[in-house]
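This report takes up the aromatic residues, the sheet and the pocket in turn.

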Amino acid sequence: MDMVMKLGAESPVVIFSNSSCCISHSIKTLIRGFGANPTVYELDKLPNGRQMENTLVELGCQLSVPAVFIGKDFVGGSNEIMSLNVRGKLKQLLLRANAIWI
């Protein structure tokens with residue numbers, strides 16, 4: 001768990017993803033649409049990706065990817081990110097994390 005938390009805190013926005021997952025692609029596109037440049041870890045391309053996926057499930061992701069950290073905090077998966085966006089709160093989180101500027 002320490003490795004995932006450490007990687008999640010390394011930049012304003014970190015996304016743990018799978019290169020063939022359409023939902024992960026949608027979340028990356030949404031966040032980039034605000035002007036953020038997330039650090040993305042494609043777990044299916046990493047040698048320890050399976051272990052990291054298991055850790056993300058332990059953190060509370062119903063599905064292991066996508067898993068999003070904003071401002072060093074674990075925000076959640078696609079449901080949480082889409083909910084924040086619909087409620088107009090995703091942009092605020094990105095601003096507070098210095099991932100985007102006005």
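Phe16 is buried, and so is Tyr41, where buried stands for under 20% relative accessible area with a 1.4 Å probe and protein chains only. This is a predicted model, in which local features need pLDDT of at least 70 and side-chain atom pairs count only at pLDDT 80 or more, while totals for chains, interfaces and linings use all residues. Residues are numbered from 1 along each chain as its sequence is written, and side-chain values use heavy atoms, with hydrogens and water left out.

**Aromatic residues**

Two of the pairs involve Phe16 and are set out below.

| Pair | Ring centres | Planes | Class |
|---|---|---|---|
| Phe16 and Tyr41 | 5.4 Å | 20° | stacked |
| Phe16 and Phe69 | 5.8 Å | 70° | edge-to-face |

The Phe16 and Tyr41 pair joins strand β1 to strand β2 across 25 residues of chain, whereas Phe16 and Phe69 join β1 to β3 across 53 residues. Phe69 is buried, as is Phe16, and together with Tyr41 and Phe74 these residues make up one aromatic cluster.

**Sheet and helices**

The open sheet has 4 strands in the order β2-β1-β3-β4, with mixed pairing; strands (E, at least two residues) and helices (H or I, at least four) are DSSP runs numbered from the N terminus, and two strands pair if DSSP finds at least two bridges between them. Because β2 (39–42) and β4 (73–76) each have a single partner strand, one side of each of these edge strands is left without a neighbour in the sheet. β1 (residues 13–17) pairs with β2 in the parallel sense over 4 bridges, and Val14 stands opposite Thr39 in β2.

Helix α3 (residues 49–59) lies across β1, β3 and β4 and runs at about 70° to β3, the angle being taken from 0 to 180 degrees between N-to-C directions of lines fitted to C-alpha atoms, for helices over the stretch in contact, where contact means heavy atoms within 4.5 Å.

**Pocket**

The largest pocket has a volume of about 180 Å³. A pocket here is an open set of points on a 1 Å grid over the protein atoms alone, where a 1.4 Å probe fits, with protein on both sides within 12 Å along at least five of seven lines, and its lining residues have an atom within 4 Å of a point. Among the elements, α4 gives the most to this lining, with 3 residues.

Conventions: Phe/Tyr/Trp six-rings, centres within 6.5 Å; stacked < 30°, edge-to-face > 60°. Buried < 20%, exposed > 50% of the residue type's maximum accessible area, 1.4 Å probe, protein only. Points joined across faces, edges and corners; volume = space filled by probe spheres on them.
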